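Welcome! Have a look at the model, then follow the headings below.

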Amino acid sequence: MTQQQRPQPVSGIAPPPAPRRSADWMFGGVYGTVLASALLAALDQTNQDYTPFYDASWVLVTAVAASLAHGYSHHMATHHEGGATHRWRLLSHALWNEWPMVAAVLPTVLLLVAAGIANWESYTVTAVGLGLNTALLFGWGAFVAARVGHRIRSTLLIGLADATIGLTVIAANALIK
């Protein structure tokens, strides 16, 4: 449901509050960080040439494509009354709101670019990248939880829950390879 479509009260029950912008940032941040971790793990192939610039470009292109697909699907899944101009404006707004997903992959992209410039080893870059992204997942969860009013214990648990997603990617990478 978008902010433009507010549910009408049913038998005196007030509609739910508008979605919090912080939650949208967290969604995009977590989604993008997990996407970057999975791509980093998948693009690092043993016994193949290491191509960090190529990998960086694919992480970025995939994040942009995923954010466009996500924004477009949200737009198409909701009914919007009005003319074509209004629908195009809503579509562009839905697409723009996906920027946190793209922003969340930038640390991985920058790490891969630095690896290409400094000629770092593939294993090291993948390990550092997955560790960095796991720490970022903790940060995304803890920051947004604190921002929306959770107490410190809940904030840390939410951060830990998000970091568990990163640890799952690390474990899967270790098992698959």
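Let us begin with F27, which counts as partly exposed because its relative accessibility is 40%. Helices here are DSSP runs of H or I with at least four residues, strands are runs of E with at least two, and both are numbered from the N terminus.

How many aromatic pairs are there? The count comes to two. The rule is that rings of Phe, Tyr and Trp (its six-membered ring) pair if their centres lie within 6.5 Å; planes under 30 degrees apart are stacked, over 60 edge-to-face, and the rest tilted. The ring centres of F27 and Y31 are 5.7 Å apart and their planes meet at 40 degrees, so this pair is tilted. Y54 and W58 are four residues apart in helix α2, which means about one helical turn lies between them. For Y54 and W58, the ring centres are 6.4 Å apart and the planes are at 70 degrees, so the pair is edge-to-face. Y54 is partly exposed at 47% relative accessibility, and W58 is partly exposed at 39%.

## How to read the model

This is a predicted model, in which local features need pLDDT of at least 70 and side-chain atom pairs count only at pLDDT 80 or more, while totals for chains, interfaces and linings use all residues. Residues are numbered from 1 along each chain as its sequence is written, and side-chain values use heavy atoms, with hydrogens and water left out.

## The whole chain

What makes up the chain, helices or strands? There are six helices and zero strands, and from the N terminus the order reads α-α-α-α-α-α. Of the 177 residues in the chain, 33% are buried.

Contact means heavy atoms within 4.5 Å. Among contacts between residues at least 6 apart in sequence, 73% join residues at least 24 apart. The chain's accessible surface, by the Shrake-Rupley method with a 1.4 Å probe and, for residues, only the protein chains shown as cover, comes to about 10,700 Å². Carbon and sulfur atoms account for 67% of that surface.

Helix α2 covers residues 52-77. Its 26 residues reach 37 Å from first C-alpha to last, close to the 38 Å expected at 1.5 Å a residue; the expected span is 1.5 Å times one less than the number of residues. The buried residues in α2 include P52, A56, A63 and H70.

On the surface, L60, V64, L68, L106 and L110 form a nonpolar patch with about 400 Å² of accessible area together. Patches are made of residues with over 30% relative accessible area and no salt bridge, joining like charges within 9 Å and nonpolar side chains (Val, Leu, Ile, Met, Phe, Trp, Tyr) within 5 Å. A salt bridge is a side-chain nitrogen of Lys or Arg within 4 Å of a carboxyl oxygen of Asp or Glu.

I117 lies in helix α4 and is exposed, because its relative accessibility is 67%. I117 and F53 are 64 residues apart in sequence, yet their C-alpha atoms are 8.8 Å apart in space.

In the loop between α4 and α5 you will find N119. Its phi is near 60 degrees, a positive value in a residue other than glycine. N119 is exposed, at 68% relative accessibility.

Is T126 buried or exposed? T126 is buried, because its relative accessible area is 5%. T126 is in helix α5 (residues 122-147). Leaving out residues up to four places away in sequence, T126 touches L40, A41, D44 and N173.

N173 is one of the buried residues in α6, a list including G159, A163 and V169. Helix α6 (residues 152-176) has 25 residues and reaches 36 Å, close to the 36 Å expected.

How values were computed: Buried < 20%, exposed > 50% of the residue type's maximum accessible area, 1.4 Å probe, protein only.
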